[in-house]
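User: I am new to this structure and would like a close look at its salt bridges. Could you walk me through what they join and how exposed their residues are?

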Amino acid sequence: MSMDFNFFMNDVVRQARQEIAAAGYEELTTPEEVESAFSRPGTTLVMINSVCGCAGGVARPAAAHALHYDKRPDHLVTVFAGQDKEATETARSYFTGYPPSSPSFAILKDGKICTMIERHQIEGYDPMNVVNKLQQTFDEYCEEI
């Protein structure tokens, strides 16, 4: 029995995209979409998505559950590392002082980086640890809804 690797990966990517979209995140797939989204006033949470286990088992669940909080960003967006390469590269150009990391989260305010939760702060942790980290950043940078 043989398995078509591309068919398998396309299914994994499709599911990863659907999970984050269902949580309310706007998918940015082009550099132009990134530029437009990052130019919006207010706070923006960027989830850098990926197909790794810590994205599916920790980061995406945390991205969804962290939003059930008194304070939250004005905008929720996502780019997909390894899939939408140009969009991800454009997003990462805003994350000055931080190395490329996926999965990860960035908080921008008026298009300027405030902070990041990097892969090393996600991998090996459970989703609630990451939810708490996200909500701590919401407390610091976001307004009550």
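**Salt bridges up close**

E19 and R60 form a salt bridge, with their closest N and O atoms 2.8 Å apart; the term means a side-chain nitrogen of Lys or Arg within 4 Å of a carboxyl oxygen of Asp or Glu. E19 lies in helix 1 and R60 in helix 3 (residues 53-65), so this pair ties together parts that are 41 residues apart in sequence. Helices (H or I, at least four residues) and strands (E, at least two) are DSSP runs, numbered from the N terminus.

Before going on, a word on the model: it is predicted, so local features need pLDDT of at least 70 and side-chain atom pairs count only at pLDDT 80 or more, while totals for chains, interfaces and linings use all residues. Residues are numbered from 1 along each chain as its sequence is written, and side-chain values use heavy atoms, leaving out hydrogens and water.

Back to our pair: E19 is partly exposed because its relative accessibility is 31%, whereas R60, at 9%, counts as buried. Buried means under 20% relative accessible area, exposed over 50%, and partly exposed in between (1.4 Å probe, protein chains only).

The structure holds six salt bridges. Another of them joins D84 and R17 at 2.9 Å, N to O. D84 sits in the loop between strand 3 (75-80) and helix 4 (85-92) and R17 in helix 1 (residues 5-22), so parts 67 residues apart in sequence are tied together. Both D84 and R17 are buried, and a network of salt bridges links R17, E27 and D84.
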